[in-house]
Amino acid sequence: MKSKFIPIILIFIFLITFVIFFKGLKNSNIYTPSTELKKEVPSFELKSFKNNSIIISEKIFEDNKYYLMNIWASWCVPCKEEHKFLMKLKKNERIELIGFNYKDNFKKASSFLKDLGNPYNIIVLDKDGTASIEWGAYGVPESFLIHQNKIIKRFIGPINNKDLLEIEKIIR
Amino acid sequence: MKFIPIFLIVSIILNFNLLKADEIKTENKIAKNLRCLICQGQSVYDSDSEFAISLKLVIKNKIQQGLSEEQIYSFLKMKYGEWILYDPVFNRNTYFLWLLPILIFLAGGAIIIKRFYNKK
């Protein structure tokens with residue numbers, strides 16, 4: 001009785017383990033954070049890109065408008081890719097674009113905007129990247145769609161045509 | 001008499017260094033307990049990615065602001081979710097993870113004890 005029972009249990013355990021690991025093989029091992037969130041906009045006090053004056057977050061997001069907070073840098077190649085979509089979005093009057101210049105050189109950032117156009121209403125400087133940590137950001141490029149002082153959607157990585165259409169659908 | 005102020009200055013500087021050393025120690029400890037979210041299989045401490053560099057700076061600033069280790073963990077958990085912590089919290093999703101080793105240990109112990117008494 002006993003000798004019959006043990007091999008069956010062993011096979012059973014082996015099978016369960018096999019199934020778990022086999023299923024695990026197909027899972028993505030890259031962590032993807034949730035993009036739908038209803039978080040309050042973190043407050044910040046940062047220097048303006050234009051004239052180094054201090055900009056307070058409460059003053060930016062005060063209206064009942066939609067905002068797209070976009071983290072970018074001139075050294076970031078995907079940022080160049082998404083730039084044309086930001087320029088398209090600029091034409092929409094229902095949304096304001098806020099640039100978050102991430103760990104960048106002023107001269108290079110200026111020439112980046114000169115070459116590709118400036119889609120932003122306001123640009124603030126995040127010299128050491130600490131302000132973007134307050135936003136829970138991963139790096140560049142990353143964008144947050146904001147309405148009524150809440151982050152309603154986040155886009156990790158460059159914005160593409162599909163994202164653009166989605167934003168336009170939300171703010172319509 | 002000149003000796004006293006010099007002694008005082010030196011001792012103050014040395015004390016500051018000690019304080020700083022403590023700060024760096026906790027800073028590193030926290031960074032080692034955090035997962036670098038954009039790297040694979042690296043802690044924030046090990047990584048040199050822009051994300052990790054900024055995060056280390058944030059930890060440093062928070063320590064200087066007087067936040068405790070726990071407060072820093074909960075701040076980062078709020079911002080990035082539980083995944084950033086290497087130490088999984090005990091909840092519905094992790095019952096199995098935490099209890100399985102204990103169960104296996106107990107079962108193993110039971111088998112050993114049973115065999116031992118059977119032999120006797």
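This is a predicted model: local features need pLDDT of at least 70, side-chain atom pairs count only at pLDDT 80 or more; totals for chains, interfaces and linings use all residues.
## Helix α5 of chain A against chain B

A:Thr130 belongs to helix α5 of chain A. A:Thr130 counts as partly exposed because 19 other C-beta atoms lie within 10 Å, whereas a buried residue would need 20 or more. Within chain A, A:Thr130 and A:Met69 are 61 residues apart along the chain, and their C-alpha atoms are separated by 16 Å.

## The contact between the chains

The contact is built from 14 residues of chain B and 11 residues of chain A. On the side of chain B that touches chain A, two elements give two or more residues each: α2 (50-64) and α3 (69-80) of chain B. Of these, α2(B) gives the most, with 8 residues. Sorted by class, this side of chain B has 9 nonpolar, 3 polar and 2 charged residues.

## The largest nonpolar core

Which residues touch the most other members of the largest nonpolar core? They are A:Leu68, A:Trp72 and B:Leu55, in a core of 47 residues.

The contacts of A:Trp72, not counting residues up to four places away in sequence, are with A:Cys79, A:Gly99, A:Phe100, A:Asn101, A:Tyr102, A:Val140 and A:Pro141. The last two of these contacts, A:Val140 and A:Pro141, are themselves joined by a cis peptide bond, with omega about -15°. A:Pro141 lies in the loop between α5 (130-134) and β7 of chain A.

Helix α3(B) has 12 residues and reaches 16 Å from its first C-alpha to its last, close to the 16 Å expected at 1.5 Å a residue. Buried or exposed: how do B:Ile72, B:Leu76 and B:Tyr80 in α3(B) count? These three residues are buried. They lie on the same side of α3(B) because they cover an arc of only 45° around the axis. B:Glu70 and B:Met78, on the other side of α3(B), are exposed. Just after this helix, B:Gly81 takes a positive phi of about 90°.

B:Ile63 is a residue of helix α2 of chain B. B:Ile63 is partly exposed because 19 other C-beta atoms lie within 10 Å. The residues that B:Ile63 touches, apart from those up to four places away in sequence, are B:Glu23, B:Thr26 and B:Glu27. One of these contacts spans a stretch of chain: B:Ile63 and B:Glu23 are 40 residues apart in sequence, yet 7.0 Å apart in space, C-alpha to C-alpha.

## Backbone geometry in the loops of chain A

Most residues other than glycine have a negative phi, and most peptide bonds are trans. A:Lys103 has a positive phi, near 45°, and is not a glycine. A:Lys103 is placed in the loop between β5 and α4 (106-116) of chain A. A:Lys103 counts as partly exposed because its C-beta neighbours inside 10 Å number 19.

A:Gln148 likewise has a positive phi, about 50°, although it is not a glycine. Its place is in the loop between β7 and β8 of chain A. A:Gln148 is exposed because it has 11 other C-beta atoms within 10 Å, and the limit for an exposed residue is 12 or fewer.

## Separations within each chain

The domain assignment divides chain B into domain 1 (3-87) and domain 2 (89-120). The centres of domain 1 of chain B and domain 2 of chain B, taken over C-alpha atoms, are 37 Å apart.

In chain A, A:Asn64 is found in the loop between α2 (57-60) and β4. A:Asn64 counts as exposed because it has 7 C-beta neighbours inside 10 Å. A:Asn64 and A:Phe12 are 52 residues apart in sequence and 60 Å apart in space, C-alpha to C-alpha.

Key: Residues are numbered from 1 along each chain as its sequence is written. Chains are lettered from A and ligands numbered from 1 in the order in which they are written. Domain bounds come from an automatic or database domain assignment. Two residues are in contact if their C-beta atoms, placed from the backbone, lie within 7 Å. Helices (H or I, at least four residues) and strands (E, at least two) are DSSP runs, numbered from the N terminus. Ala, Val, Leu, Ile, Met, Phe, Trp, Tyr, Cys and Pro count as nonpolar, Asp, Glu, Lys and Arg as charged, and the others, Gly among them, as polar. A nonpolar core is a set of buried Ala, Val, Leu, Ile, Met, Phe, Trp, Tyr and Cys residues joined through C-beta atoms within 7 Å. The expected span of a helix is 1.5 Å times one less than its number of residues. The arc is that of the directions from the helix axis to the C-beta atoms.
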